[in-house]
Amino acid sequence: LDASVCEDILVHLLSVDPSPASHRLAEICHKRTAGNAFHLLSYLAMLQEEELLEFNLGMFKWTWDCDRIEEETAASSNVVELLLAKIAKQSQEMKYLLQLVSCLGTSFDKNVVLCAFPKMRGDNNISYDPSELEDEVDELLSLAIRESFLEAQSDSRYCWVHDSVQEASLKQISDSEINTYKFKLGKVLFQSLTEADVENNLFDVVNLLTCTEECPEEDRATLLQLCLKAAKKSTELTAFDSCVIYAERGISLLPAEKWAQQREVSLELYSLIAEAYLSIVNAEKMKFYCNEVLQQSTLSELEKVRVHICNISLYAGVLNKAREALNMSFDVLRKLGCKFPKNKLLQTRSAVSSIVGAKLPNEEDVAALPPMEDETKKACMEIMVNAATFSHHCNDMMAFVMINSKMVKWTMKYGVDVYSSP
């Protein structure tokens, strides 16, 4: 908002006519709030609380002294500093509460606060009656709502009224102590919350525990598993940038001999991050993580399938090279034991022989088929269904027929897969 709009708001809120006094007050408000509507309202509320803006019952109108306002708010150049001053006047318990929840994102559950509040204010050796603790937290949350720090989203979930309030609450913690505080809070939550609650607040817990590059050795294995869970969950939510962050943090926690000591976790993290980089179209980074997996001689071709598919998808989707993607698909299928002829003449012969004399299954035969269980064949089916698309795009009808025929044969012989031809 510019200064003139700020003045319009003031004139309507205070029910006064435009005047030099209202114009100057608007200029002061605009300077202190940078024209942010929420900040403007917070600033006016603060002026009223400090009795710098008063309603004169005798004159029946709002009154103010611009010189006094400028003088007494000069030390606060922005609303965050004003909010800090407001927080400083709160009880110590309220400060503890705001400090804690400022580390929990834009919204949080009361259950999380109940688990962490006693320990984060230093009551480690004091046992609490759960109902008394809940009453205390409820009272503090209600007061925080009345003071316009928080607002209720539901009976048990709360959010900040504005990110500036969260920023001011977080500034209670010094820069030198913030990471230590966050790590302690993350550890308290992980140890105190139920498994279901940790899952529901997974990103908050992991973000707190990964706020510092260093990790105590005794917490390394736990944090590694949490990073892996967060990376998987981010992928499920199509939050691929977040997946990259969590997977990279997880990879940094792996031991030097990761492929020998943490084979499965390493493979999952590298596959996840390669897929995420493919999704956000960062070919260079994707290739880096794919190559790390492909260079491991101890991994089977089946274990490398996900990164193979990443490389194939890069050529097919990002680079728009269907022919190269088709050839790469045939190469990977051969490594998995699913061979197709390389020679064009042999491909034609294979395609024709698959059509001539082919007997299509009836509905009863298909309905009686069991699900495909062989993991290698299921991986081949996924690659083949995409390869069929590539062959169609590059107008290779012999390859198209050959691939689809094999998928039908495998379905009838080994069972139904999600990629089985309809």
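1. In this predicted model, Phe55 is partly exposed, with a relative accessible area of 33%, a value that falls between the 20% limit for buried and the 50% limit for exposed residues. The structure as a whole contains 10 aromatic pairs; in one of them the ring centres of Phe55 and Trp62 are 5.4 Å apart with the planes at 70 degrees, so this pair is edge-to-face.

2. Strand 1 (residues 53–56) pairs with strand 2 (residues 61–64) in the antiparallel sense over four bridges, and Glu54 has Thr63 in strand 2 as its bridge partner. The two strands form a hairpin with four residues between them, and in the turn Phe60 has a positive phi of about 55 degrees.

3. Phe330 and Phe340 form a tilted aromatic pair, 5.2 Å centre to centre and with 50 degrees between the planes. Because Phe330 lies in helix 19 (residues 322–335) and Phe340 in the loop between helix 19 and helix 20 (344–355), the pair ties together parts that are 10 residues apart in sequence. Both residues of this pair, Phe330 and Phe340, are buried, and the charged end of Lys406 sits over the ring of Phe340, 4.5 Å from its centre.

4. Elsewhere, ring pairs link Trp259, Tyr270, Tyr277, Phe288 and Tyr289 into a cluster, while Lys86 lies over the face of Phe149, at 5.0 Å from the ring centre.

5. The second largest pocket holds about 250 Å³ of space and is lined by 16 residues, with Leu302, Val305, Arg306, Ala379 and Glu382 nearest its centre. Helix 16 (263–279), helix 18 (305–318) and helix 22 (375–393) each give two or more residues to this lining, which divides into seven nonpolar, one polar and eight charged residues.

Technical notes: Residues numbered from 1 in each chain as written. Predicted model: local features only at pLDDT ≥ 70, side-chain atom pairs only at ≥ 80, totals over all residues. Heavy atoms only, no water. 1 Å grid on protein atoms, 1.4 Å probe; cavity = no way out; pocket = protein on both sides within 12 Å on 5 of 7 lines; lining within 4 Å. Points joined across faces, edges and corners; volume = space filled by probe spheres on them. Nonpolar A, V, L, I, M, F, W, Y, C, P; charged D, E, K, R; others polar. Pairing = 2+ DSSP bridges. Phe/Tyr/Trp six-rings, centres within 6.5 Å; stacked < 30°, edge-to-face > 60°. Buried < 20%, exposed > 50% of the residue type's maximum accessible area, 1.4 Å probe, protein only. Lys NZ or Arg CZ within 6 Å of the ring centre and 35° of its normal.
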